[in-house]
Amino acid sequence: MKYDFTSLIDRHGMDAIAVDSWGEIPGMAPNAPDEGFDRIPMWVADMNFATVPTVQEHIIQRAQHPMFGYFDPRDEYFDRIIEWQSRRNGVEGLLPEHIGYENGVLGGVVSTLRAYVQPGDAVLVHSPTYIGFTKSIEAAGYRIVHSPLKLDDQGVWRMDFEDMEQKLAQNHIHAAVFCSPHNPCGRVW
Ligand SMILES: Cc1ncc(COP(=O)(O)O)c(C=O)c1O
């Protein structure tokens, strides 16, 4: 399918804090730019490409039925994940009971931590850290231990393995969160 990656789509008034919340979320959204400058919505990691049309079509088709309520994920949900994991990652033997339901990365991070560490335990995270990770991990009752990323003389952000090793041992850490591409340094690990 030919896909449009170049059109600039106007998102104003369409539930997009990326373009509509300048100056309105203190400490988060930037102030409006000075007169004569454009608003470039790079302050939040929001998608600037249109959603693939088949996703829109299916949402519209479902919304035409007027009842919405509690649900279990359908068989198709599990089938697609199992098929994708097999094709992309060579994962064999995956069953529906191995798969949870999440509708965002942050819930997924917390659910994954819950499988491995107890609230109150320490979790290693590289800093600077995406604020969503900081808030969700702390709200779930974990203690964050930061290992600062280091900028090398070529301007490349790198993990400090010695620092990580020391902190993992000192704090008896059993889980670390890897963010790739790292927000905010952009490094793909
Ligand atoms: C690294 C990273 N993970 C997760 C998210 C949020 O993902 P979701 O909305 O799927 O929870 C963001 C949003 O900026 C992000 O930068």
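Two strands are taken to pair if DSSP finds at least two bridges between them; strands (E, at least two residues) and helices (H or I, at least four) are DSSP runs numbered from the N terminus. The model is predicted, so local features need pLDDT of at least 70 and side-chain atom pairs count only at pLDDT 80 or more, whereas totals for chains, interfaces and linings use all residues. Residues are numbered from 1 along each chain as its sequence is written, and side-chain values use heavy atoms, with hydrogens and water left out.

Strand 1 (residues 122-127) pairs with strand 2 in the parallel sense over 6 bridges, and Leu124 stands opposite Val145 of strand 2. Helix 5 (residues 131-139) packs on the sheet and touches strand 1, strand 2 and strand 5, contact meaning heavy atoms within 4.5 Å. The direction of helix 5 makes about 150 degrees with that of strand 2; axes are lines fitted to C-alpha atoms, for helices over the stretch in contact, and angles run from 0 to 180 degrees between N-to-C directions. Helix 6 (residues 161-170) also packs on the sheet, touching strand 1 and strand 2, at about 160 degrees to the direction of strand 2.

The ligand is surrounded by Ala45, Gly104, Val105, Leu106, Tyr130, Phe133, Cys179 and Asn183, each with a heavy atom within 4 Å of the ligand. Oxygen atoms of the ligand form polar contacts (N or O pairs within 3.5 Å) with a backbone N or O atom of Val105 at 2.9 Å, and with a polar side-chain atom of Asn183 at 2.7 Å.

Note on methods: A polar contact is a pair of N or O atoms within 3.5 Å; within protein, one must be able to donate a hydrogen and the other to accept it, and residues adjacent in sequence count only if both atoms are side-chain atoms.
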